[in-house]
Amino acid sequence: MKTDLISRRSFLSVVGAVGAAAALTACGGSASSTASSAAASEAAGESVELIVFAAASLTETLNAIAQDYSAENPGVTFRFNFDSSGTLKTQIQEGADCDLFLSAGQKQMNQLDITASADVNTDGLDFVDPSTRVDLLENKVVLCVPEGSDKGIDSFDALAEHLKAQDILFCMGNSDVPVGQYTQKILACYDLDEEALAAAGVITYGSNVKEVTTQISEGSVDAGVVYCTDAYSAGLTPVDEATVEMCGQVIYPAAVLKAAPNAEAAREFLAYLQTDRAATVFEGVGFTAM
């Protein structure tokens, strides 16, 4: 299955349209604006810096959305920490300040949510405010190859044959990275032994999805598995898309943390992320708003 991705020019047009809508709202246009304590803080001459920990695959979209949000709410600024969801989860667990966590997988969110199954939250961690938790987005897992590749890797079936022949170098995310976990499921679907392939020097790893994407773009590997949205951001055209049967749904949960320094402002920004205006930006790069 080929992935139909919107062009970069179309995405820039989308972001521009969103920004224009925000400007109209600020000038008294018909679009509804976010009534928030952030606005109250602005009126009082105060400012709020939201600390957002987000999966690396959200880098481009969240920066674009935050720019629009700050234009509408001048008292609100953002400090982003983009990395693998596993790394972010560990940082939160170790006490890093964070208002809002957006994960690329349910597992990392569940590990911080006391209401999640004890089979997943094995340490009984209680960092997430479950009343704020939402399934925000869906992404797709795709197979990409370097531009001009002559290896004939045009599908997951072809990838599996090359991995069995051990005649390529394949890149995937580490086991603590959601995209790596989805890739492990794909390998298992084809009865491929990841450990044996890694020992044979057929597999190399990235600590987050951006590292995997970079290795593909630079041609240092013959193929790699990333998200649809990261392929778009890197200018890569996927050659195949994983089915739900191969790796399950790729759901991005989001939640405000119980110890959030700016909990109310974080809840308001999370609500904004669920609006049609934000959805337009997310969907422009291949996400599906939920």
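1. Basis of the notes. This is a predicted model, in which local features need pLDDT of at least 70 and side-chain atom pairs count only at pLDDT 80 or more, whereas totals for chains, interfaces and linings use all residues. Residues are numbered from 1 along each chain as its sequence is written, and side-chain values use heavy atoms, with hydrogens and water left out.

2. Overall make-up. The protein chain has 13 helices and 11 strands, these being DSSP runs numbered from the N terminus (helices H or I, at least four residues; strands E, at least two). Of its 290 residues, 52% are buried, where buried means under 20% relative accessible area, exposed over 50% and partly exposed in between, with a 1.4 Å probe and protein chains only. Among the contacts in the chain with a separation of 6 or more, 76% are between residues 24 or more positions apart, a contact being heavy atoms within 4.5 Å. The accessible surface of the protein chain is about 12300 Å², and carbon and sulfur atoms hold 48% of that area; the areas come from the Shrake-Rupley method with a 1.4 Å probe, and for residues only the protein chains shown count as cover.

3. The six-stranded sheet. An open sheet with mixed pairing is formed by six strands in the order β2-β1-β3-β10-β4-β11, where two strands pair if DSSP finds at least two bridges between them. Strands β2 (76-83) and β11 (288-289) stand at the edges with a single partner strand each, so one side of each is left without a neighbour in the sheet. Within this order, β3 (residues 100-102) and β10 (residues 250-256) run antiparallel and are joined by three bridges, with Val-256 in β10 as the bridge partner of Leu-100.

4. Strand β5 and its two partners. In β5 (residues 141-144), Val-141 and Leu-143 point one way while Val-142 and Cys-144 point the other way, and all are buried. The strand runs antiparallel to β8 (residues 223-227), to which four bridges join it, and it also runs antiparallel to β9 (residues 240-241), here with two bridges. Leu-143 has a bridge partner in each, namely Val-225 in β8 and Asp-240 in β9.

5. The cavity. How many cavities of 30 Å³ or more does the structure hold? There is one, and the largest cavity has a volume of about 60 Å³. It is lined by 13 residues, of which Ser-84, Ala-104, Val-177, Val-209 and Tyr-227 lie nearest its centre, and the lining divides into eight nonpolar, four polar and one charged.   For these terms, a cavity is a set of points on a 1 Å grid over the protein atoms alone where a 1.4 Å probe fits but cannot get out, and lining residues have an atom within 4 Å of a point. Grid points are joined across faces, edges and corners, and a volume is the space filled by probe spheres set on the points. Ala, Val, Leu, Ile, Met, Phe, Trp, Tyr, Cys and Pro count as nonpolar, Asp, Glu, Lys and Arg as charged, and the others, Gly among them, as polar.

6. In helix α6 (residues 156-165), the buried residues include Phe-156, Leu-159 and Leu-163. The helix is followed by Gln-166, with a positive phi near 55°, in the loop between α6 and β6 (170-173); Gln-166 is partly exposed, at a relative accessible area of 44%. Asp-191, likewise a residue other than glycine, has a positive phi near 55° and sits in the loop between α7 (178-189) and α8 (194-199), where Asp-191 counts as exposed at 72% relative accessibility.

Conventions
1 Å grid on protein atoms, 1.4 Å probe; cavity = no way out; pocket = protein on both sides within 12 Å on 5 of 7 lines; lining within 4 Å.
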